[in-house]
Amino acid sequence: MRRRGLYFILALLLILVVMLLGLQVGSFDTDVATIFSALFHYNPDDTTHFAILHLRLPRLILALVVGASLAFCGYLMQAMVNNGLADPYLLGTASGASLGAVIVFFGFVPMTVAGLYLPPVFALAGAFVVTLVVVMLGYRKRQIIPAQLLLAGIALSSLVTAMVGLLTFLSDSEGKLRSVVFWSMGSFERASWEMVPYPAAALSIALLLFAFYQKQLNILLLGEERAQALGIRVAQTRWVILATVSVVTGFAVATSGPIGFVGLIIPHVTRGLLGATGRGNLLLCAFIGGLFMLLCDLLSRIIYPPAGLPIGIITSFFGVPFFVYLLFRKNYNFRG
């Protein structure tokens with residue numbers, strides 16, 4: 001109990017420290033006194049205050065929320081399929097979102113309608129459509145089959161990725177091509193206060209929901225037959241997980257683009273700290289995921305100021321070695 005509380009406090013303190021550092025980094029460096037002045041005595045005519053409050057802060061909060069969302073969904077997916085190599089993109093959510101965004105970037109529909117920036121809207125729609133098709137393909141005999149769901153996700157993701165590649169290949173605009181490539185690697189450059197509420201609300205509701213499902217998740221790790229013998233409604237629990245993952249991941253990807261490996265790495269870190277069935281795993285996983293994304297965003301802007309490298313590049317440098325490490329472990333599924 002004491003150790004769990006210590007991890008939460010430490011994660012929260014590190015998040016605050018990294019956010020403070022993130023507010024100082026940009027097209028011009030800012031000291032701590034100016035940051036506090038902008039936060040508590042905002043002057044709309046001061047360009048520094050405007051940059052801190054309307055450019056840097058929403059970017060950091062969006063990075064925090066997206067990182068928490070992907071880590072949380074990765075934990076749920078690994079519990080559902082009982083495999084430590086699973087991540088939230090198994091359902092084809094990322095590829096569907098990419099296709100939706102590409103449709104807008106290449107001019108098939110207007111970029112904005114009535115002041116509404118459409119790429120995130122179409123990305124969300126694409127994520128939901130592809131996820132729905134994958135779930136339908138993974139559904140048999142009135143229940144979801146994890147292995148069939150996994151194969152359907154891989155197959156459909158490959159097909160949708162090929163469609164995105166075809167549209168990219170046929171593009172005759174260098175500017176549109178650059179936008180697609182940058183978005184497909186993940187970025188918080190377009191973050192705004194208008195974007196933050198949607199993924200934040202989805203994550204908050206999901207965390208509240210799974211506060212009541214933590215026991216079912218832990219028992220699900222024992223395998224389907226044992227879980228059923230212990231009175232767990234396995235089919236119902238899987239449907240709840242799938243619906244939650246599709247919504248939370250869909251909003252995260254729609255606002256930031258597909259960012260890989262967060263949902264793979266962070267659940268393992270969480271279980272290493274609290275154990276595979278520790279209480280508070282999901283909440284701590286979200287905290288650490290947000291912290292990890294903030295660190296990656298800060299690193300990207302330090303390496304390539306002021307906009308920063310695409311976040312997917314930074315997370316891949318951490319994720320690929322970790323993935324290889326998991327492959328060489330003998331018991332990357334939770335039953336050994």
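1. Ser69 lies in helix 3, which covers residues 47–81; helices here are DSSP runs of H or I with at least four residues, numbered from the N terminus. The model is predicted, so local features need pLDDT of at least 70 and side-chain atom pairs count only at pLDDT 80 or more, while totals for chains, interfaces and linings use all residues. Residues are numbered from 1 along each chain as its sequence is written, and side-chain values use heavy atoms, with hydrogens and water left out.

2. Is Ser69 buried or exposed? Ser69 is buried, with a relative accessible area of 0%, where buried means under 20% relative accessible area, exposed over 50%, and partly exposed in between, using a 1.4 Å probe and protein chains only. Leaving aside residues up to four places away in sequence, Ser69 touches Pro199, Leu203, Val248 and Ala252, a contact being heavy atoms within 4.5 Å.

3. Ser69 also takes part in the packing of helix 3 against helix 8, where Leu62, Val65, Ala68, Ser69, Phe72 and Leu76 meet residues including Pro199, Leu203 and Phe210. Helix 8 spans residues 197–210, and the two helices pack at an angle of about 35 degrees with their axes 10 Å apart; axes are lines fitted to C-alpha atoms, for helices over the stretch in contact, and angles run from 0 to 180 degrees between N-to-C directions.

4. Helix 3 has a further neighbour in helix 1 (residues 2–24), the axes coming within 10 Å and crossing at roughly 145 degrees.

5. Which residue forms a salt bridge with Arg59? The partner is Asp297, the closest N and O atoms being 2.9 Å apart; a salt bridge is a side-chain nitrogen of Lys or Arg within 4 Å of a carboxyl oxygen of Asp or Glu. This pair links distant parts of the chain, since Arg59 is in helix 3 and Asp297 in helix 13, 238 residues apart, and both Arg59 and Asp297 are buried.

6. Asp297 also meets the side chain of Arg301 in a salt bridge, at 3.4 Å from N to O. Arg301 and Asp297 are separated by about one helical turn because they stand four residues apart in helix 13. Through shared partners, the salt bridges join Arg59, Asp297 and Arg301 into one network, and the structure holds two salt bridges.
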